[in-house]
Amino acid sequence: MDQGKPFLVPKAYLQAIPFLALAAGIAGMFIARAMVSISMIVLICYALLLVDPRKTFRAFFNDRVLVALSLVFFLYLVSCINSTGDQPFYLERLRLKLPFLALPIAFTVFKGNLNDRRFSLLLYFYFVVVAITTFIITIQYAADFEVINNAYMQGRVIDTPFSHIRYSLMVAFAVFTGYYLFIHKKVIRYDWERWLIAAISAYLIFFIHLLAVRSGLVAFYGCVLYLIFRFIFQSRQLKTALLLTAVVLLLPILTYLLLPSFKAKVNYMKYDLQQLLEYKNASGLSDGGRILSIEKGIALLRAHPFTGVGVGDLKQEMKRELEMAPEHPRDSLLPHNQFVFVAAGTGIFGLLLFSTCIFLPLFNRKNMSNMLFVCFSIIILSSFLTEATIEEQMGTAFYLQFLLLMYVFLQSKES
């Protein structure tokens, strides 16, 4: 070996690092939370250390969507400074919002480096990982059929890799990822893979009804309706569209009759709402607690319209409001609506800034002409109405990783 010649890592190996890190982050959502954090650290280190930082920040500051997303972190930072107590809570809020600062910078490394093949492989990988986890859960359901169905009658669900609500959103997105891969003929090697993708996508539709989590179901049907309207607009085949609509309307009815978990979930939802509306009881109940938490979050906004109560003080202020409510739930809740959460914590101006940052990617013709991007936006925004989706690590990881992945790809020439 020539001792005077330095060892150089081939450029192709270096360029593979961010793609492997992103794949690890996707897998980490289902395997281990630590992998998600490590993936983010690797991506930001690559963008700042292995790429010229001047190039990285130039690409970042020249992209208004990336800059807007990073402002979410600073919105929370300013609001936490405005907070007076519960330091562990507001430190946790800042930790959960760090990806909004780091990932928009980190994803600049994919600009000009994310071709159609690599983009499709990342989607394919996500699709396969989701499918494997659903197979495991279905086997578990079949093995403990009666026990799990009894749990559904009490408002609980089968165990999932993490929060069943975020997981249901990811399954819904996987359905349309499979549809995207199928219609665009994205395979790794063999043509028959398309039909395997179609079969797994059909199974995932069955699974999302078996899981019977309303957030995922609402997101799924919202995307289906969008695709039907898109089909009408593009093909002008009204009869076919009406037939598809009839099938969509019939599907939940058949599911209710054939799937015990889905039927139990619907019946429990009716009981839950009845308890809140007729008996003013939200103690230990899912829907009653959600509705009450949103009402109290709006009440906090009315009391502090300009600055909010401060994100760091939101937990203790919500606890105080809920304790005074006659429908007092058993657990202390935060607003189960992302927009109400932000409004109660940061005020009306904070809500306007947050909404601008979140909706800005939608005001882009390339993004909105892509079926998968629109479906993803429907899934996320529908969840925002009933959950504080990005106030938890997996929700934040899911949102940012796929939003930025699709956004960077769609802005490239090859897309």
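The mean pLDDT of the protein is 87, and 89% of its residues reach 70 or more, where pLDDT is the predictor's confidence in each residue, from 0 to 100. This is a predicted model, in which local features need pLDDT of at least 70 and side-chain atom pairs count only at pLDDT 80 or more, while totals for chains, interfaces and linings use all residues. Residues are numbered from 1 along each chain as its sequence is written, and side-chain values use heavy atoms, with hydrogens and water left out.

**Overall architecture**
- The secondary structure comprises 18 helices and zero strands, these being DSSP runs numbered from the N terminus (helices H or I, at least four residues; strands E, at least two).
- Confidence is lowest in helix α12 (residues 260-279), with a mean of 67, and highest in helix α17 (residues 371-384), at 97.

**Burial and contacts**
- Of the 415 residues in the protein, 53% are buried, meaning under 20% relative accessible area with a 1.4 Å probe, protein chains only.
- Among contacts (heavy atoms within 4.5 Å) with a separation of 6 or more, 75% are accounted for by residues 24 or more positions apart.

**Residue Q401**
- Q401 belongs to helix α18 (residues 393-410) and is buried, with a relative accessible area of 5%.
- Leaving aside neighbours within four places in sequence, Q401 is in contact with L22, G25, I26, M29, S39 and F107.
- From C-alpha to C-alpha, Q401 and V36 are 10.0 Å apart in space, although 365 residues apart in sequence.

Methods:
Buried < 20%, exposed > 50% of the residue type's maximum accessible area, 1.4 Å probe, protein only.
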